Every structure is written in C-alpha cells, then in structure tokens.
Amino acid sequence: MTRIRFQQSLENLKEKLLVEAGLAEQAVQRAIEAYRKRDLSICELVSRGEIDINILEREIDQAALDLLAMEQPMAGDLRFILSVIKINAELERVGNAAKTISERVRHMERMAAAELPVNIPRMAELASEMVRMSLQAFIEADAEAARSILTMDDAVDAMNKAAFKALIKVMEEQSHLAPQALNALMISRALERVADHATNIAEDVIFWVLGDDVRHHKSVNLLQQQQDKGETSA
Amino acid sequence: MGVGIEVTNLNAWYGANHALQDINLNIPANHATALIGPSGCGKSTFVRCLNRMHETIPGARATGTVRIGDLDIYKDIKPVEIRRRVGMVFQRPNPFPTMSIYDNVAAGLKLNGYSNRHVLDEIVERSLKNSALWDEVKDNLKKESGASLSGGQQQRMCIARALAVDPEVLLMDEPASALDPVSTSKIEDLIFQLKAQYTIVIVTHNMQQAARVAEKTGFFLNGRMVEFDSTDKIFTNPSDKRTEDYITGRFG
C-alpha cells in the first residue's frame, strides 16, 4: 500500500461525513419526536443541531476540495470524493428538512390538538429508515443495498400524495382545521424530501462503487424509449 | 492526414528479455492515444516498434504485425521510409547543436533528398508554424543555433523537424517531462491541434497529461497491455483492478 497520507485523508473524510450523517439522522428523529409530543424543547435541540450540521458541511467540502487540488485523485478515489461532496449536500438538506418540521411543530403547538388523516410517524419511520439504510450502504460500499433503497422512495411519495389529498379535503370541509392541516402538509412534504435525499445518497453510493450513473433513470429511460420509437417510425 | 495503426500479436525482446508480450491494439487515426504504465513496463519499447527503432538496438528483435495505414511495416517497407512516415519526438529535446534553427528543421528533408531552397524555406516555415514556434524564431532562423533556444522551444523545434518530412504518425516519448508547466502546456496545446492532421501516440508518466491530451489510453504492465479504452473510462472507472491500483497510486 502506498500513498499513506492520502489514504488517511480519505478515511478522515469518510469519518467526518458519518458524524454529519449521524447528526442528520438524529435531527429527523428528534423533529418527529417533537411532533408526537408537541415538545418545544426538542424543537430547540433540532435548531441547535442544524448549526452543527452546517459547520460540518463546510469542513467536509473544504477537506474534499483540498484533496482534489492536492492529490489529483483518479478512478475510485475520484468517484469517492465526488460522492462525499454530493452526500454532504444531501445531509445538510436532511438537516434543513428536520428544522422545517420542528418549525411547523412550533406553530402547531400554539393551536388546539386535532385529529388529522395523515400518519406522520409512519412516514417519518420509512424516510428515516431510508436515510439509515443509504448510509449503511455507504459505510459498507454496498451498491446492491443502495439499489434496494431506490424502490422505497415510491412508497413515501405515495404516502405524501395521499396526505396531500386528504389534508386538502380537510381544509375544504373543516376550515377551522386549515392551519393545522397546512402544517401537517408541510411536514409530510418535508419527510418526502428526506426520502428523496436518501434516494440521492443511495444513487451516489452506486456511482462511487460501480461508476454507474443511475440518477433520473425513469425519466431518462422514458425519453430514450420515445426517441427510439421516433427513430423506428421515421 | 493521419492513418490508423493496427498491432497484432506483437512481441519484442532485448536478448533473452521478453519485453513485450502479445500486444494487440488498434490506434485510431487522427486521435491522440496515450500509453501509461510504470517504468520498464514496455510502453517505450512498444512505440519504438511502431517505427522499427527497437531493432536498431543490438540483440533486440520483434515479431508480429504492425500495420500503419495499408502497410505492414515489417514486410512492405524499408525502415528509413517508415521513419519518414512515422515521426518521433523524445523525452529530452535533441537539437543538432552546431546547426541553425533552420538547418535543424530542414535536416530530415535534406536527408530525404530535398535541395530546392524555395521548397525548403516553405516547408521549414510551415513546420515551425505547425509547432507553434514560428513567431518566436522567424527573425533569427539562420543566425541562431538550435541549441540556444530554451528547453520548451527546443522541443517544439524538434517537433517541427519531425513534422517537416510530412509524417502520418507522430510518436512522442515523454515529450514534456523535462519541461516547465508553461512549456508543457504549449506542447499539450500543440498535440490538441496536430491530431487533426496526424495520428499521435504519446508515452507519458504524467497521468493528468494523458487525461488532458488523449482520447484513448492504454495501460501497460510487465510487458503486457492490461487495458485499452477511452481515456475518460480509464481515469474514472477502469475495468481492471491493476489499472485502478496504478492510476490511484496504490501500485506496489
């Protein structure tokens, strides 16, 4: 083994990203706990935690930039560093989504409790599981595990769509619950975004491990099929 | 215009040392192709087989087929004629020290029987323009010695000398390794421009240089070609672990 210093720097970068990942995952869990308990002290923890995530995001980007400039990485190393930069941005956005949820909880706490037709804890469980699995795939450099996450996103999307429909109905039919429903809708949307970020992380893991770009595969495949059809008919 | 190079079952020896083993490779016309690999891997031997310079070393020999354009260079043509069609630029610039810049560039032409002054003037000017040196030397062509130029200028003069005989292929064996970054950048720009007219094969230890100038890259190791693919594939996602280990610096 050569390039010991470089190898050590890559390990440090990975460790830093995992610390950020832990904070992001914790932020989502805390935000949902705050939602369930309507607990403002937990909301406060989420806000403070977001600052830590932001600081780490900058440190990781700087470390990655230094490695690109100083070491001229190639092949798997280059893909790893690019993936770290992208996962770093995704984790910061997971932190943002958690903060959005906790801010909505602050608003909801001031209002009377209401039964709403949306299972936020279940959605949160699924989205958190996706984040956890995508990071596990990153730790183990497991492209297959990462691939299995891509299909889970559809379930969260479906839950968000159903929540949207049900909550709009609440707003239309029970206008006094509209503010509560609107907050719940924004939380549902934030969780759907968390699942999207987990999906993006999984795609970044696949790119790092295999060099395959699987982003936007559905739309790209559809466009390709349409072009192929066009060529055949022409 | 450049022509393609088709290498089939090429083997080369230095005495008993089997330096190149079963090389099969198609080098596309009018592209730059980079050859990378650790010292002693056979990449320089390989390019020297492409203009039959390998066999000039005592005890050295080669077998197999090398087709440059339509010609099998080990059967259809004399070595001298091959070296006119396949120019070569070396690691260190090799000006003829007692000759002027003009005579350095015209040396190959004179060897090939050119004597008409007007024709020589025209080719020397064109070659120096093609090697991006003309503007820097045009006023002192016959007054200044080739050896008085800077290292980077000398290398571009040697490229002009290689281009003067109107080759189809240009072999470059670490052409910028002895040059500073500015001169290196000029040589790389030149490669970019020259491949429209010539087929270029460049041996380099500088992987960033290979990545910058070449569309195709081949990785040599222990006398064999491990991998040959588009340069972006080689440097972002090589197929062979040995290539990955080498280009990421984990070799050995």
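This is a predicted model: local features need pLDDT of at least 70, side-chain atom pairs count only at pLDDT 80 or more; totals for chains, interfaces and linings use all residues.
Start with chain A. It has seven helices and zero strands. Read along the sequence, the pattern is α-α-α-α-α-α-α. The C-alpha atoms of chain A fill a box of roughly 65 × 60 × 25 Å along the principal axes. Of the 234 residues of chain A, 40% count as buried.

Now look at one pair of helices. Helix H1 of chain A covers residues 4-37, and helix H4 of chain A covers residues 120-140. Their axes come within 10 Å and cross at roughly 170 degrees. Angles over 145 degrees count as roughly antiparallel. H1(A) and H4(A) are therefore roughly antiparallel to each other. The residues in this contact divide into 13 nonpolar, two polar and three charged. On the H1(A) side they include A:Leu18, A:Ala21, A:Val28 and A:Ile32. On the H4(A) side they include A:Ile120, A:Ala124, A:Val131 and A:Leu135. Charged residues take part too, among them A:Glu25 and A:Arg36 of H1(A) and A:Arg132 of H4(A).

Move on to helix H3 of chain A, residues 75-109, where A:Arg106 has its place. Leaving aside its neighbours within four places in sequence, A:Arg106 is in contact with A:Leu40 and A:Cys43. A:Asp196 is 90 residues away from A:Arg106 along the chain, and their C-alpha atoms are separated by 24 Å.

The last helix to visit in chain A is H7, residues 217-233. At 1.5 Å a residue, its 17 residues should span 24 Å. The end C-alpha atoms of H7(A) are 24 Å apart, which agrees. H7(A) is hardly covered. The count of buried residues in this helix is zero.

Chain B brings in strands. Four of them form an open sheet in the order S2-S1-S4-S5, with antiparallel pairing. S2 (17-27) and S5 of chain B stand at the edges. Each has a single partner strand, so one side of each is left without a neighbour in the sheet.

Strand S1 (residues 5-14) of chain B and strand S4 (residues 60-68) of chain B pair over eight bridges, in the antiparallel sense. One of the residues involved is B:Val7, whose bridge partner in S4(B) is B:Val66. S4(B) also pairs with strand S5 (residues 71-72) of chain B, again antiparallel, over two bridges. In S5(B), B:Asp72 is the bridge partner of B:Arg67, and B:Leu71 is the bridge partner of B:Ile68. S4(B) and S5(B) form a hairpin with two residues between them. In its turn, B:Gly69 has a positive phi of about 65 degrees.

Another strand pairing in chain B runs parallel. Four bridges join strand S6 (residues 86-89) to strand S7 (residues 169-173) of chain B. B:Met88 stands opposite B:Leu171 in S7(B). Which residues of S6(B) point which way? B:Val86 and B:Met88 point one way, and B:Gly87 and B:Val89 the other. All are buried.

Helix H6 (residues 151-164) of chain B has 14 residues and reaches 20 Å from its first C-alpha to its last, close to the 20 Å expected. H6(B) is mostly covered: 13 of its 14 residues are buried. Just after H6(B), B:Asp166 takes a positive phi of about 55 degrees. Helix H4 (residues 117-130) of chain B holds B:His118. B:His118 counts as exposed, because it has 7 C-beta neighbours inside 10 Å. From C-alpha to C-alpha, B:His118 lies 34 Å from B:Ile5, and the two are 113 residues apart in sequence.

Finally, see where the chains meet. Eleven residues of chain A are in contact with twelve residues of chain B. On the chain A side, four of these residues are nonpolar, four polar and three charged.

How values were computed. Residues are numbered from 1 along each chain as its sequence is written. Chains are lettered from A and ligands numbered from 1 in the order in which they are written. Two residues are in contact if their C-beta atoms, placed from the backbone, lie within 7 Å. Two strands pair if DSSP finds at least two bridges between them. A residue is buried if 20 or more other C-beta atoms lie within 10 Å of its own, exposed if 12 or fewer, and partly exposed in between; C-beta atoms are placed from the backbone. The expected span of a helix is 1.5 Å times one less than its number of residues. Axes are lines fitted to C-alpha atoms, for helices over the stretch in contact, and angles run from 0 to 180 degrees between N-to-C directions. Angles under 35 degrees count as roughly parallel, over 145 as roughly antiparallel, 65 to 115 as roughly perpendicular and the rest as oblique.
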